[in-house]
Amino acid sequence: MSNRNILRWVITVASFAIISLILWNTYTFFQHFKAEERVKMENWANAQREINRTLDLNADLGDLPLQILSSNKTTPMIRYNVDGSYNYNNIDEEKAKDSSYIKKLIIQFEKENEPIEMVYTDPVTNETESAGILYYGNSPLLEKLKYYPLALILIILLFGAVAFFFYKSSKVATQNKLWTGMAKETAHQIGTPLSSLIGWTEILKMENVDPNHILEIEKDINRLQTITDRFSKIGSIPKLEISNIVNETKESFNYLKTRSSKLVDFEFTATNEIVNVNLNKQLYSWTIENLVKNAIDAMKGKGQIKIEVVPNDKYVHVRVSDTGKGIPKARFKKIFEPGFTSKKRGWGLGLSLAKRIVEDYHDGKIKVISSEIGKGTTIQVSLKKV
C-alpha cells in the first residue's frame, strides 16, 4: 500500500473517531441536562407539596417554595389533579383552552419524560394522598440540543461533499490536461510523416502512376490532415461557423459508409430544408465518426446503422441508431465518462470526446435516448439552430 493510501486511511479513521467522540459527548451532555431538568421538576413538585401541607396546617408559608414555583419559566408542564382538572405553565394560553390539545400534550410529555406523582401526607390523618400527576416536556433549550447532533452530522456531510467534489473536479481537470497534451502530441507526431506522404504523392504523379490510385491516396492524406486538425483543436477554443448540419452530417455519413464493412447496412434520413447551426466542421465530423464506430463495435461489425437529422423549433437532433447489444439503463450516463469501455481493447475515449465536443465546444447535449438489450441503442446529439 502506498504512502498516499495509508495517509487517506489515517485521515478517514481519525475523522470517524473525532465525529464519534463529538456525538458521544453531545449525547452525554444531553442526558446530563435532561437529568438536571428532572431534578428541577421534582423540586417544583416538592415545593407544591410543601405549600399544600402548610395551607392545611394554617402555618406561615416561607419564601422558598414560592420562589421555586415561580422560577420555572421555560419547561412546559401540566399538573393533572385528582378531580380531573388541570393546571399548566409555559404553554400557549389559546391552545391550552382546548382539552383535546392538553390530552395530546400529556401523551407527548409521557414519551419525553416520566411523569412525577405528586403526593403529600394529610396532617390530620397522617395518611399519604395523591395531589395529582405532573407531566412535563423538554424545555426549548433541550429541544434544540436534541437536534444538535443531526445538525452536526449534516454539516460534516456537506463538508465531505464539498471536499469530494473539489477532489473530483481537480482529478477531472488533471485528466483533461493529460488528454489535451496527448492529443496535441499526437497531432505533432502525425504531421511529420504526413508531410512526407504529400511529397511522395507528387513524385508518384511525375512517375505516371494510375491517376485513380493517386486520387485514393490523396483522399486518405486529406483524411489524415483532418484528423491532425482535430487533435490540434483539443484543449483550445475552436472556431464555430454557421453551417448546414444536414450537409455536414451527410458528408460524414458518406465517408464512413464507403470505408466500412459491407456487412453494415447504412441508412440516412434528413429534411430537405437547410438547418443552420454554429459548428466546427472538423470536430463535428469527429463526433459522428465516434458515434458510428462505437455503434459498429456494438454490432460486432454486422447490422444496421441509421442516422436521422430531425429539426424542431429551437433545436436540431441528430440521432445515431444501431442494432447492437444495447446498453443497460444504469450505464446511460457512465458510457460518456473518460476511460469507460465495455470492450477488451480500447481506451474508452471516443464517447467522452464526443460529449466534450458537443457540450463544451458547441453548447449542445448528447445522451442515450433509448436502448434495449439485444436490440440496439439510439444516441442523440442536440444543437441550437441559428
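## Open sheet

Five strands build an open sheet, ordered β6-β8-β9-β11-β10, with mixed pairing. The edges belong to β6 (264-270) and β10 (365-372); each has a single partner strand, so one side of each lacks a neighbour in the sheet. On average, neighbouring strands are turned by 15 degrees against each other, direction ignored. The model is predicted.

Strand β10 pairs with β11 (residues 376-384) in the antiparallel sense, over seven bridges. Lys365 has Ser382 in β11 as its bridge partner. Helix α10 (residues 350-361) packs on the sheet and touches β10 and β11. The direction of α10 makes about 135 degrees with that of β10.

## Salt bridges

The structure holds ten salt bridges. One of them joins the side chains of Glu37 and Lys40, at 3.5 Å from N to O. These two residues are three apart in helix α1 (residues 3-56), so about one helical turn separates them. Glu37 is buried at 6% relative accessibility, whereas Lys40 is partly exposed at 30%.

Lys293 and Glu289 also meet in a salt bridge, at 2.8 Å from N to O. They lie four residues apart in helix α9 (residues 281-298), again about one helical turn. Lys293 is partly exposed at 44% relative accessibility; Glu289 is buried at 7%.

Another salt bridge links Lys306 and Glu308, with the closest N and O atoms 3.9 Å apart. Lys306 is partly exposed, at 27% relative accessibility.

## Nonpolar surface patch

Tyr147, Leu150, Ile153 and Leu157 make a nonpolar surface patch of about 410 Å². Ile153 sits in helix α6 (residues 148-206). Its relative accessible area is 33%, so Ile153 counts as partly exposed.

Notes. Residues numbered from 1 in each chain as written. Predicted model: local features only at pLDDT ≥ 70, side-chain atom pairs only at ≥ 80, totals over all residues. Heavy atoms only, no water. Pairing = 2+ DSSP bridges. Axes fitted to C-alpha atoms, helices over the stretch in contact; angles between N-to-C directions. Contact = heavy atoms within 4.5 Å. Patch = residues over 30% accessible without salt bridge, like charges linked within 9 Å, V, L, I, M, F, W, Y side chains within 5 Å. Areas by Shrake-Rupley, 256 points an atom, 1.4 Å probe, with all protein chains shown as cover. Salt bridge = Lys/Arg side-chain N within 4 Å of Asp/Glu carboxyl O. Buried < 20%, exposed > 50% of the residue type's maximum accessible area, 1.4 Å probe, protein only.
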